Amino acid sequence: MKGYDFTIAFVASKGTYEYFEKTLKNNIEVICDNTNESFDLVMFLDGLEVIDYAKYIGLAKECGIGEVRLRNRLVNCASGDGANNPHMHLVSEETKYLITIEADIAVFKTQECDILREIREIFETNQNLCVATRIDDYDCWQEKMYFLEHNIGKGIRSVNRVSSHFLAYHTKRCCQYVNSIGGWPLSGMYDTGTEWHNYEDRVGKTFRYPDGPGIGYIDSIPFKVYHCDEKIAECSPFYKRDI
């Protein structure tokens with residue numbers, strides 16, 4: 001039995017170090033400072049065969065990361081976009097709550113609060129909630145996120161989709177529900193450049209109401225989450241990737 005409730009996993013792959021240099025320390029401080037919740041920090045590096053992992057490990061040591069996971073994409077690799085693979089290998093019942101944050105995300109508090117405690121309370125209050133998301137610049141997405149009339153419960157609204165950039169899971173509920181519908185194979189996701197069905201699409205299709213128990217949008221906690229990039233044009237599916 002592990003002695004902590006939260007695992008906070010920071011997800012990286014080839015070409016993301018420049019983001020991590022700017023975001024990692026800030027995100028750890030914002031999420032973890034002044035919390036009374038027990039947590040472990042993990043850095044998940046996907047693409048061991050191509051990534052210069054030494055500098056990531058140095059940054060992990062500097063930022064107090066407890067574990068660095070190195071994943072080879074040559075074995076048991078999820079299909080589709082490269083970001084699918086780390087997410088598919090992260091969700092398990094080894095921790096009660098899992099928060100996953102991609103490298104190009106910045107988190108900010110708008111007033112003092114204990115983000116982890118409030119996320120835990122949202123899951124405790126809403127017994128059917130498996131997964132929740134937060135992203136504040138969703139208006140730029142090509143596939144729009146919108147709020148549903150369905151109300152998951154106290155303190156959290158229901159949305160039609162997620163961004164994989166910031167996700168929070170009650171892992172036992174999530175795994176049990178996914179197993180009840182036959183599981184998630186590593187294959188079946190795709191990214192052709194004009195059509196997409198990636199990890200965030202899989203989460204959306206699985207959990208959104210009415211086919212699933214609902215996806216929570218965490219907007220009752222005073223913090224904001226931003227994707228550190230801009231679209232190449234309005235309503236484009238593509239980002240500039242301009243550091």
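Let's start with Lys-224, which is partly exposed at a relative accessible area of 31% (buried means under 20% relative accessible area, exposed over 50%, and partly exposed in between, with a 1.4 Å probe and protein chains only). Keep in mind that this is a predicted model, where local features need pLDDT of at least 70 and side-chain atom pairs count only at pLDDT 80 or more, while totals for chains, interfaces and linings use all residues. Residues are numbered from 1 along each chain as its sequence is written, and side-chain values use heavy atoms, with hydrogens and water left out.

What does the side chain of Lys-224 meet in a salt bridge? The partner is Asp-136, at 3.8 Å from N to O; a salt bridge here is a side-chain nitrogen of Lys or Arg within 4 Å of a carboxyl oxygen of Asp or Glu. This pair links distant parts of the chain, 88 residues apart: Lys-224 sits in strand β12 (residues 223-227), and Asp-136 in the loop between β6 (131-133) and β7 (157-159). Helices (H or I, at least four residues) and strands (E, at least two) are DSSP runs, numbered from the N terminus.

Now move to Arg-161, which is buried, with a relative accessible area of 7%. Its salt bridge with Glu-200 brings the closest N and O atoms to 2.8 Å apart. Here too distant parts of the chain are linked, with Arg-161 in the loop between β7 and β8 (166-170) and Glu-200 in helix α6 (residues 199-207), 39 residues apart.

Arg-69 pairs with Glu-67 in a salt bridge, their closest N and O atoms being 3.1 Å apart. Arg-69 counts as partly exposed at 23% relative accessibility, and Glu-67 counts as partly exposed at 32%.

Finally, Glu-37, Arg-120 and Glu-124 are linked in a network of salt bridges. Across the whole structure, a search finds 11 salt bridges.
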